[in-house]
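Subject: A structure for you to look at

Hi there,

Here is the structure I promised to pass on. Please open it next to this email and follow along as you read.

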Amino acid sequence: MSITGIKGMNDILPGEVETWQFLEETARRVFRTYGFAEIRTPAVEKTELFCRSIGEATDIVEKEMYTFRDKSENSITLRPEGTASVMRAFIEHKMYAQDPVAKLYYLGPMFRYERPQKGRYRQFHQIGAEAIGVDDPRIDAQILVMLSHYLDAVGIDELELQLNSLGCPECRPAYREQLLVFLERRLESLCEDCRRRHAANPLRSLDCKVPGCREATADAPAMLDRLCSSCDEHFNRVQGRLQDLGTPYTLNPRMVRGLDYYTKTTFEVVTGKLGAQNAVAAGGRYDGLIRSLGGPPLPGIGFAMGVERLVLLKSQERIAAPRPDFFFAALGEQAESRAFGLMCALQRKGIQAETDLEGKSLKAQMRRAGKLQARFTVIIGEDELARGVAMVRDMDGATQKEIPLAELEESLTALAS
Ligand code: HAM
């Protein structure tokens, strides 16, 4: 019996990978414009990093982490998200000592043991960005403008940016108490998860998708109405900047996010085209996170996009793989070795070229040239070889001309440019 891949973990095959490359290359290009540099962290971290940052009473930490003991009995976890790892690296390498402001982006696989469905996988990929060290609401606006610039650049539209503010350690505890009292009166209507967690993480009930919980919390108090004056002013200024910049958004006071590190501005970019998994990107501020992980008291804000979801939204438009410039169709040992040498010389010049390595008939080789959609087929048969020429056929225009073998490399190089 053959071995299959692991459920919820996908292969990305040629034909689809071109879309991935396009999404990744555009991220590098757009993020660089805004002064972000790439950071790469390991796919595995100490389990404690995620427990402390994401929070013990979250779905991710409670149920979704791939946690193992390594051979030295250390508990390690495949990263379920990128922010915690980036902050760990920022602190560990004392990056703040050179510059307390850091703008970093990352691309890579993340792992969550969720029930797989369309748009939700166990290994998935994020493209994320984090801006560390700036309190000013202008950075919140910059992050959101960069995200919307990126989504425009990759041609994904009909999206909605939803904003909320989750307050800070000044105003959230009082709100939390109020919500707790509200939920206690409705405990019997809540789902098992929300009941169990209501004391540790009452805000999660607002985000629960179970219809009974949605109904029971429809008139729950909203954090947005209970922000302290400093959070309120900050959030107003974020919104003011977005309005100045013409970036549309809606307020979603029920958005609480599934990770505990958030403070103040939080956001999600949602689509109506992906069913239940409607968040294409999400993020927010995490002003206390760096300090809680043992670093200096620096604020931060960022987002991550789910690449699989971006790919699903782009699936109508296939991004074509680059076509070979030349296919060498040769017959006979001498012609084959001439063709092979030329192909290698062109490839070294960065010109995409192919040939047949299986000794097929000329007809079969021509069929393969057509299948690969080569721009030109260079035919060197016994007759051409005897006359010291090659036949170069333009596959799009269906025209052909003879070129002397001695000039072939030069002529083909010119044709390719
Ligand atoms: P998150 O909301 O957990 O936030 O994930 C961000 C995005 O990753 C989601 O909006 C979704 O597009 C994608 N995603 C999450 N889980 C899956 C899955 N199982 N399958 C496919 N795609 C998925 C974070 O991870 C935060 N670290 C974002 C952030 C960065 N906040 C501040 N900085």
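How much space lies in the largest cavity? About 30 Å³. Keep in mind throughout that this is a predicted model.

Let's stay with that cavity for a moment. Searching the whole structure turns up one cavity of 30 Å³ or more. Its lining is made by Tyr34, Phe36, Lys103, Ile139, Gln142, Ile143 and Met146. Helix H6, which runs over residues 137–153, contributes the most to this lining, with four residues.

Next, have a look at helix H7. It covers residues 172–184, 13 residues in total, and spans 18 Å from its first C-alpha to its last, close to the 18 Å expected at 1.5 Å a residue. Which residues of H7 are buried? They are Arg172, Tyr175, Leu179, Leu180, Phe182 and Leu183. If you look down the axis of H7, these buried residues fall within an arc of 160°, so they line one face of the helix.

Finally, zoom out to the whole chain. It is divided into domain 1, made of 17–171 together with 227–313, and domain 2, which is 326–416. The C-alpha centres of these two domains are 50 Å apart.

Enjoy exploring, and write back with any questions!

Best wishes

How values were computed. Residues numbered from 1 in each chain as written. Predicted model: local features only at pLDDT ≥ 70, side-chain atom pairs only at ≥ 80, totals over all residues. Heavy atoms only, no water. Helix = DSSP H or I, 4+ residues; strand = E, 2+ residues; numbered from the N terminus. Expected span 1.5 Å × (residues − 1). Buried < 20%, exposed > 50% of the residue type's maximum accessible area, 1.4 Å probe, protein only. Arc of directions from axis to C-beta. Domains from an automatic or database assignment. 1 Å grid on protein atoms, 1.4 Å probe; cavity = no way out; pocket = protein on both sides within 12 Å on 5 of 7 lines; lining within 4 Å. Points joined across faces, edges and corners; volume = space filled by probe spheres on them.
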